[in-house]
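Let's take a walk through this chain together, starting with the overall picture and then moving on to helices, cores and loops. Please have the viewer open as you read.

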Amino acid sequence: MVNALAANKDDSRSFFTKDHLSYRQAFREFLHKEAVPYYDQWEQEGTIPSSFWKRMGENGFLNPWLDVEFGGFGSDFAYSVVLAEELERIGSGLAAIFIDSEIAARYIASFGTMEQKHKYLPAFSSGGMKSAFALSERKVCPVLANIQTTAFKKDGYYRINGAKTIITNGYSADLMIVACNNDLGAGYCLDGISLLLVDKETPGLTKGRKLVKDGKTGLETADLFFDDAAVPVSSLLGEEGKGLSYFNQYLQQESLMCAIKFLMAAKEMLHLMKIYIMDSKASNKNISQCQKTRFTLAEIATEIQVGSTFVDDLICKHMNGDNIIEEVSMAKYWITEMSKRISDRCMQLHDGYGHRSDDKIIKRHREISEASFHFGSNETVKKLIAHHGGF
């Protein structure tokens with residue numbers, strides 16, 4: 001059941017036109033037909049099937065921002081907002097879609113050669129290809145310049161050695177963008193990081209098993225291991241040694257997208273709570289009439305409204321091309337922490353019923369619990385805020 005009231009509030013925002021709202025309605029109907037009936041099964045299986053990717057592509061819900069020649073329709077960022085919110089409304093396990101549409105495809109579109117764009121981007125738009133962005137390693141974050149996976153040229157190939165950990169879509173990805181270090185002596189604040197396009201059949205690449213984890217069980221993750229894996233020099237994405245500058249170019253949008261997604265998660269947590277209290281009774285009295293419960297919900301609704309106002313303002317500024325990296329970092333930090341506070345309070349109101357493993361409230365609680373680590377820990381984000389603020 002769609003939260004109609006929340007949907008109406010979401011639709012009244014200034015950056016949405018009638019075309020955006022029509023797209024939202026079509027996508028919402030698509031998800032309730034193609035995703036909702038199967039989402040629990042996907043969670044149990046630990047992956048979103050490739051067939052769903054293809055149905056998304058067939059219906060025009062993948063990479064709408066791409067140029068027409070690559071399968072998109074040149075849409076603005078507000079369409080990405082629609083996709084992010086509607087996918088999160090169903091569940092955080094569907095976030096795997098965004099590795100393709102909001103990270104991998106954008107990097108190739110921005111930094112790839114025309115040959116790379118024509119080879120990969122149409123497949124992203126059609127849903128015929130899954131991708132992974134292989135960045136994280138053990139004991140590396142937050143200093144990305146310390147990446148230990150190496151790639152050195154030899155006989156017309158880059159030879160990759162090292163390991164990547166907890167990579168979304170890592171187990172089933174057809175294509176991986178792998179961040180490698182070309183200069184281990186570059187040191188902090190220098191680059192030396194390159195991005196390489198690595199096919200799943202590359203000799204020397206080994207995929208670990210699908211990882212079992214709390215939270216988004218439908219969000220497939222795996223470790224990747226490279227043992228002298230050889231990729232042609234033509235697989236270089238952008239310029240050698242410019243990886244960190246590429247990350248920085250998309251940091252603002254990725255942080256904003258994170259805030260958008262977890263704001264919607266908080267809204268859905270409140271929605272589930274409202275349904276529960278209207279259907280429950282305590283001591284022969286409807287819980288919704290208890291003053292403490294009503295006040296708690298009022299406090300939660302206020303926090304969500306404050307967060308919504310903040311995020312909507314940042315969306316407008318981002319669409320205008322403003323440099324708001326400090327503000328979106330604040331939003332990423334505050335929204336993710338807020339969503340965890342709200343999640344904990346809703347679980348307390350839910351009492352023992354919320355701890356059943358098959359209950360929607362506990363599933364959403366598990367998803368939100370890792371919010372502060374999304375796109376880097378909040379400790380890293382606070383360092384960024386302090387840097388830009390001159391603290």
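Of the contacts in the chain with a separation of 6 or more, what percentage comes from residues 24 or more positions apart? The figure is 75%. Keep in mind that this is a predicted model. Its chain holds 12 helices and 10 strands, and 54% of the 391 residues are buried.

In soluble globular proteins, nonpolar side chains tend to be buried together. Here the largest nonpolar core has 64 residues, and the members that touch the most others within it are Phe52 and Ile260. With 15 residues, helix H8 (residues 243-279) gives the most to this core. If you centre the view on Ile260 and set aside its neighbours within four places in sequence, you will find it in contact with Phe77, Val81, Ala84, Glu85, Val311 and Ile315. There is also a second, separate core, made of 28 residues, with Trp65, Ile108, Ile193 and Phe247 among them.

Now let's turn to helix packing. Two packed helices are described by the angle between their axes and the distance between the axes. Take H8 with H11 to begin: their axes come within 10 Å and cross at roughly 160°. An angle over 145 degrees counts as roughly antiparallel, so H8 and H11 are roughly antiparallel to each other. The crossing in which H8 passes H11 is left-handed. On the H8 side, the contact is made by Phe262, Ala265, Ala266, Glu268, Met269, Leu272 and Met273, while H11 brings Lys360, Ile361, Arg364, His365, Glu367 and Ile368. Sorted by type, the residues of this contact between H8 and H11 are 8 nonpolar, 1 polar and 4 charged.

Is Arg364 buried or exposed? Its relative accessibility is 5%, so Arg364 counts as buried. Neighbours within four places in sequence aside, Arg364 is in contact with Ala265, Glu268, Met269 and Leu272, and also with Glu88, Arg89, Ile90, Gly91 and Ser92.

H11 (residues 360-369) has another helix to show you: H10 (residues 325-350), whose axis comes within 9 Å of that of H11, with a crossing angle of roughly 155°. H10 and H11 are therefore roughly antiparallel to each other, and H10 passes H11 in a left-handed crossing. From H10, the residues that meet H11 are Ser339, Lys340, Ser343, Asp344, Cys346, Met347 and His350; their counterparts in H11 are Ile361, Ile362, His365, Ile368 and Ser369. The contact of H10 with H11 divides into 5 nonpolar, 5 polar and 2 charged residues.

Finally, have a look at two loops along the strands. Asp155 sits in the loop between strand E2 (150-154) and strand E3 (157-168). Although Asp155 is not a glycine, its phi is positive, at about 55°. Asn169, in the loop between E3 and strand E4 (175-181), is not a glycine either, yet has a positive phi of about 70°. How do their surroundings compare? Asp155 is exposed, with a relative accessible area of 63%, whereas Asn169 is buried, with a relative accessible area of 2%.

Conventions
Residues numbered from 1 in each chain as written. Predicted model: local features only at pLDDT ≥ 70, side-chain atom pairs only at ≥ 80, totals over all residues. Heavy atoms only, no water. Axes fitted to C-alpha atoms, helices over the stretch in contact; angles between N-to-C directions. Helix = DSSP H or I, 4+ residues; strand = E, 2+ residues; numbered from the N terminus. Parallel < 35°, antiparallel > 145°, perpendicular 65-115°, else oblique. Left-handed = near helix turned anticlockwise from the far one by under 90°. Contact = heavy atoms within 4.5 Å. Nonpolar A, V, L, I, M, F, W, Y, C, P; charged D, E, K, R; others polar. Buried < 20%, exposed > 50% of the residue type's maximum accessible area, 1.4 Å probe, protein only. Core = buried A, V, L, I, M, F, W, Y, C linked by side-chain atoms within 4.5 Å.
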